[in-house]
Amino acid sequence: MDKELAQKLMEIKGECRGITIKTDWDYIFRIKGREGVKKIEEKMAELGYPLKYEEIKTMDFYPIGYDAISILLIKEIFNFTEKDLENMGREETKSSLFFRLLIRYLISLKTFAKEVPKTWKKHYTIGDLEISEIDEKNKYAVLKLKDFSLHPEFCQILKGYFAETLKILTGASEVICKETKCTFKGDSEHEFYLTWK
Amino acid sequence: MEVENILEEDNKKIDILIEDLTLLESYVRDLFTFLPFPICFVSPLGIILEANPAFQEISHFSFSELVGESVEKLFPKEEIQKIIKETFQEKSVNKELKIFTKEKKEIPVQVFTKIRKDENNNILGLFIGVFDLTEIKKFQEDQRKTQLALLNILEDVDKEKIRAEEEKDKTLAIINNFPDGILIFNEENILTLLNPKTENFLKIKANEVIGKSFQELKEIPSLSPLLNLIGDKITGIFRKELEYSENIVFQVSSIPIIIKDIKRGYIITLHDVSREKLIERMKTEFVSISAHQLRTPLSAIKWSLKMLLDGDLGDLTKEQKEFVEKAYLSNERMIRLVNDLLNVTRIEEGRFLTNLKAENFVEIVKEMYPNFQELARKKNLAIEFILKQDKFPLVLVDREKIKIVIQNLVENAIHYTPKGKITITVEIKDNNLLFSVKDTGIGIPEKQKDRIFSRFFRAENAILSETEGTGLGLFISKNIIEAHGGKIWFESKEGEGTTFYFTLPLEKEFEEFIKSLV
């Protein structure tokens, strides 16, 4: 990560809630301690976008570039693989405030599906997330994310996030999430195919 | 410009709202995080959706290990399913259950559940709160164990009580059937027990005397001889004979009951020795009569043999004289034996000292001394008579009996001394007259020293060296000295010699004389 890439990411339009960055950093705090978080803080400052862990306002809006830089720095500093990022997404699901708010809609898959787009909007000012298909009988679901191109690594976190949400929702022992379409691969939207057993 | 102002105002309001929202999020998080009561939120499907730090602490699972997992991982499957079902029906449940920790350890908990519904009455899930019962259970277990221990102790006490009662019954049975009479007094001198044998011996009824004090009982004629004999204070073991009535003799023993160094009372036993006494008396009478009857013919034989030896009936041949001399000596021994037996019977009948007079003891010894010199000369023994004082007070003695003692001791010394010296000493010591006979003879074997004053006892080495002797001399001597209020004892080493001592107490009227000697 260099200043040029950081600047480019900062140019992406849109905002995210402080909680999206805070949740990532909470995860690093849990597995790497305060020292791990400090490394991200230092790198952010070095790149010209200083941010302090304790000062992140969870409900405030930050340029979405902060979220992208944060994710790429985590991958770079801690040498995370794509799988590690997916796991991070899974773990964050459990501690996410918005997931907790979403809990009240876990009554059924249908009610849940209705709430998903709203929940996305609570996180980001850009992009639209919807569950285009959900089949309880055959145990699969299709999620589509439109107008959202942050970085390919972000897709890995989303995979983990969606898989864990569905796992909790269905009580399944295993949920697999595959990205079947990606804007960074020339598709017009992101598409995630989830199966569970 | 106005539009810009409105936007600026709106932005300010949004900032305030965001600030409030952030604080609210922090407040809710803190509330949940710092709640000390373990709580989790479970979906209708039984999936854990939320768990506070207290819940993580009790289960030992981390937050991420709990969220998304089935609640059945933490509680017994059937029981938690039942609780969830009951919660959805009754809105809340309060039950005791076990929680399984990450290490598979079981912790007893009280489970509280509460249903969560949305505004449309849709069931969103349920809260499960748990309260750790470990300490309470431990306390209850301790209480149970304490209770059990107390019950065991009570059971033991009951058993001990039964055993003690059985022992008491046994002891009472023994006492009641004991062939001797038993009386038990408590520490306050009250008669607490009296067995049937005592009733029979003393012709009294237990119920008429039990509960009465020693002093009260002394007023009862049938008990007074016994209690007067014992006296008021019993400190040690007491044993005396009581001639209760004609031909009825009891050996009375009393012993204090001491428990943990504290006197708890005393026991008096009555052993009927009437029959033994009667037999003893008959035996003594028989010996006495026999000895008296023997003495007359023995005296006649003695004088007849003496006349023969003196040639009053004509000269005897050498061979005849030797036979008659042997017969004379044998007769002399017989006379001595008869005399000894008579002395013993007198001792046993308690009529031994008949002629007590103030006598000059030294003169008695001096009178006998030439005979001792003659006996010593015959055995080639040196003999010495030492008087440690110039003057001696008179002593109250039966002259003839004291002469028996002196003769026994000095003749024994001569008889059992093959060579060496006999030393007779008389002195005053500790307000007593002290007589001693020291020899350089065979001595008394260590293991036989205890029996030396017993009737008919002769030490093994004495029998070997001297065939004569009745074994009654020292027994008679001891009885004579003790009857005079004196003491008799000896010091001896086998092969080196013996010293016999006896003392005679000085009369009070001679105290001034003793002071003048000092």
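In chain A, the rings of A:W120, A:Y124, A:F148 and A:F154 come together as one aromatic cluster. Rings of Phe, Tyr and Trp (its six-membered ring) pair if their centres lie within 6.5 Å, and planes under 30 degrees apart count as stacked, over 60 as edge-to-face and the rest as tilted. This is a predicted model, in which local features need pLDDT of at least 70 and side-chain atom pairs count only at pLDDT 80 or more, while totals for chains, interfaces and linings use all residues. Residues are numbered from 1 along each chain as its sequence is written, chains are lettered from A and ligands numbered from 1 in the order in which they are written, and side-chain values use heavy atoms, with hydrogens and water left out.

Now look across the whole structure, where a search finds 25 aromatic pairs over all chains. One of them is tilted: B:F201 and B:F250 sit 4.8 Å apart, centre to centre, with 45° between the planes. Both B:F201 and B:F250 are buried (under 20% relative accessible area, with exposed over 50% and partly exposed in between, using a 1.4 Å probe and protein chains only). Another tilted pair joins B:F453 and B:F490, at 6.0 Å centre to centre and 50° between the planes. B:F453 counts as buried because its relative accessibility is 14%, and B:F490 counts as buried because its value is 16%.

Rings can have charged neighbours too. A:K22 lies over the face of A:Y53, 5.0 Å from the ring centre, and B:K302 lies over the face of B:W303, at 5.5 Å. Here, a charge sits over a ring if NZ of Lys or CZ of Arg is within 6 Å of the ring centre and within 35 degrees of the ring normal.
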